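Work through the two exercises below with the model open. Each solution goes step by step.

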Amino acid sequence: MARVTSGSLMIATGIIHNAFGLLLGFGLLAPPGGTRRNLVAEMATGGVIDSVGGDPLRMTFFWFEFSGAVAFVLGWLMLTVERRGEALAAGIGWQLLAIAVVGVALVPALGLWLVLAQALLILYRARRARLPSGPGAAA
């Protein structure tokens, strides 16, 4: 059985994030307390350039997709390191932990609980590998 890696978990997090964003964007999922709107169609018919504007729901859709893509890219980078047989530096775990703790404290309903678990996994594996955590430590 293949070992679950932090990179593959982060890639999965990005995919899940983008899937929920697309459900919102195509109007298949209503935002909390809101109504369903096909944001993709609205943005396409109005012209893509500057189509987000000041619309809060469009902004939510954009950041959902953007942050999901960033999580996917981060996961890919993490997976590349892990496939070389190396543990991720503890500093990555500490940074993800800080992001997750702040996010969960501010909006507990967000999916940042997934990132919290991943951060703890990175810290656990880095400790087992005895990797330092400071900047430039993983030379």
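Predicted model: local features only at pLDDT ≥ 70, side-chain atom pairs only at ≥ 80, totals over all residues.

**Exercise 1.** State how the residues of the lining of the largest pocket divide into nonpolar, polar and charged.

*Solution.* 
Step 1. Sort by class: Ala, Val, Leu, Ile, Met, Phe, Trp, Tyr, Cys and Pro are nonpolar; Asp, Glu, Lys and Arg are charged; the others, Gly among them, are polar.
Step 2. Locate the centre. The lining has 27 residues, and His17, Phe64, Leu110, Gly111 and Leu112 lie nearest the centre of the pocket. A pocket here is an open set of points on a 1 Å grid over the protein atoms alone, where a 1.4 Å probe fits, with protein on both sides within 12 Å along at least five of seven lines; lining residues have an atom within 4 Å of a point.
Step 3. Assign helices (DSSP runs of H or I, at least four residues, numbered from the N terminus). At least two lining residues come from each of α1 (6-25), α3 (56-83), α4 (90-106) and α5 (112-129). The top contributor is α3, with eight.

Residues are numbered from 1 along each chain as its sequence is written, and side-chain values use heavy atoms, without hydrogens and water.

**Exercise 2.** Trace the network of salt bridges that links Arg37, Glu42, Asp55 and Arg58.

*Solution.* 
Step 1. Start at Arg37. Its closest N–O contact with Glu42 is 2.7 Å.
Step 2. Move on to Arg58, which meets Glu42 at 3.2 Å, N to O. This pair links distant parts of the chain, 16 residues apart: Arg58 sits in α3, Glu42 in α2 (residues 39-45).
Step 3. Finish at Asp55, whose closest approach to Arg58 is 3.9 Å, N to O.
Step 4. Check accessibility (buried under 20% relative accessible area, exposed over 50%, partly exposed in between; 1.4 Å probe, protein chains only). Arg37, at 25%, is partly exposed. Glu42, at 24%, is partly exposed. Arg58, at 17%, is buried.

Technical notes
Salt bridge = Lys/Arg side-chain N within 4 Å of Asp/Glu carboxyl O.
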